[in-house]
Amino acid sequence: MSRLAEKVAIITGGAGGIGRAAGRLFAEEGAHVILVDLDESALQEVVQSIGDESVSYVVADTTQPDQVQSFVNAAVDRHGGVDIFIANAGIEGEINSIIDTPVEMFDQVMSVNVRGVWLGLKYVMPIMRERGGGSIVITSSTAGVQGSEGMSPYVASKHAVIGLMRSAAMEGSSMGIRVNTVNPSPIQTRMMRSIEQQRVSLGRDGFETVEEYQKSRADGSPLGRYGEPEEVGRLMMFLASDESSYCNGGVYMVDGGVTAGRI
């Protein structure tokens, strides 16, 4: 039997690399999937590429309460409720020192990466409670358990969502709702391409090309490579499924061992 048969899953950041991979995996395992993102053309492309009638989308800004409510309502209208919520939408922001980071950039990163997650919890959890429970997975990062020079808003936001997860795990347990984070290291996605290009263009790390930077980061992993979006998606699928029925309040690394010697 499929691991997510007839489950209803909402995935924010659904047009990105990890969201796309998770959407495909979830659909293959029998879930009804609603992908949420701001870019409708990208969402359409993802839905077409997955090619499964159980996958649909909603265009929404996860930082706006009415729009979060709209994609939750869409799940109820289309499929009767929500069993799985993957709070995956996030942005990296600009790489800069704390001193030189514009206040507006800090606010933008925190709005998407933290406020968006909190709003998702606020509007999804009551609907899950009506279904007798469910599973929520929040995308944090290795930046959620360690620092990173030049990325203070992003690092702060990824630490913050672990705190949100822990509070939600405690509040949700009486409702049958489990809440966990997945914490990826560098993954082959658009976000990493942006970070690489910013690092190289700033010239602070001594790399002249993106390829040099990529090799350095890959060599810094015990497994000697970046992760793939599907590898994150498979961990999300485990945490979303009943196979993880005793997993609650956990910080799950999917980082090839990058943080093993640093925590």
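Student: In which helix does Lys158 lie?
Tutor: First, this is a predicted model: local features need pLDDT of at least 70, side-chain atom pairs count only at pLDDT 80 or more, and totals for chains, interfaces and linings use all residues. Residues are numbered from 1 along each chain as its sequence is written, and side-chain values use heavy atoms, with hydrogens and water left out. Helices (H or I, at least four residues) and strands (E, at least two) are DSSP runs, numbered from the N terminus. Lys158 falls within residues 152-172, which form helix α5.

Student: How many helices and strands does the protein have?
Tutor: Count both kinds of element along the whole protein. The total is 8 helices and 7 strands.

Student: What is the radius of gyration of the protein?
Tutor: The radius is taken over C-alpha atoms, and the globule rule is 2.2 Å times the number of residues to the power 0.38. For 263 residues that rule gives 18 Å, and the protein comes close to it, so it is as compact as a globular protein of that length. Along the principal axes, its C-alpha atoms fill a box of roughly 55 × 40 × 35 Å. The radius of gyration is 18 Å.

Student: What percentage of the residues count as buried?
Tutor: Buried means under 20% relative accessible area, exposed over 50%, and partly exposed in between (1.4 Å probe, protein chains only). Of the 263 residues, the buried ones make up 52%.

Student: What share of the contacts with a separation of 6 or more comes from residues 24 or more positions apart?
Tutor: A contact means heavy atoms within 4.5 Å. Among contacts with a separation of 6 or more, residues 24 or more positions apart account for 68%.

Student: Back to Lys158: which side chain of opposite charge is nearest?
Tutor: Lys and Arg count as positive, Asp and Glu as negative; His and the chain ends are not counted. A salt bridge needs a side-chain nitrogen of Lys or Arg within 4 Å of a carboxyl oxygen of Asp or Glu. Lys158 is buried yet has no salt bridge. At 9.5 Å, the nearest opposite charge is Glu92.

Student: Is Thr139 buried or exposed?
Tutor: Thr139 sits in strand β5 (residues 134-139). Beyond four places in sequence, its contacts include Lys158, Val161 and Met236. Its relative accessible area is 7%, so Thr139 is buried.

Student: With which residue does Glu92 form a salt bridge?
Tutor: Glu92 is buried, with a relative accessible area of 10%. The closest N and O atoms of the pair are 2.9 Å apart. Its partner is Arg190.

Student: How many residues apart in sequence are Glu92 and Arg190?
Tutor: Arg190 is exposed, at 52% relative accessible area. Glu92 lies in the loop between β4 (84-87) and α4 (103-130), and Arg190 in helix α6 (residues 190-202), so the pair ties together parts whose separation in residues is 98.

Student: How many salt bridges are there?
Tutor: Side chains of opposite charge can pair when their charged atoms come close. The protein has 21 positive and 33 negative side chains. By the 4 Å rule, the salt bridges number 8.

Student: Which residue meets Arg3 in a salt bridge?
Tutor: The N to O distance is 2.8 Å. Arg3 lies in the segment before β1 (8-12) and its partner in the loop between α8 (229-240) and β7 (251-254), so the pair ties together parts that are 240 residues apart in sequence. Arg3 is partly exposed, at 31% relative accessible area. The partner is Glu243.

Student: Which residue forms a salt bridge with Lys7?
Tutor: The closest N and O atoms are 4.0 Å apart. This pair links the segment before β1 to the loop between α8 and β7, 235 residues apart. Lys7 is partly exposed, with a relative accessible area of 25%. Its partner is Asp242.

Student: What is the phi of Glu6?
Tutor: Glu6 is exposed, in the segment before β1. Most residues other than glycine have a negative phi. Glu6 has a positive value, near 65°.

Definitions and conventions
Charge placed at Lys NZ, Arg CZ, Asp CG, Glu CD.
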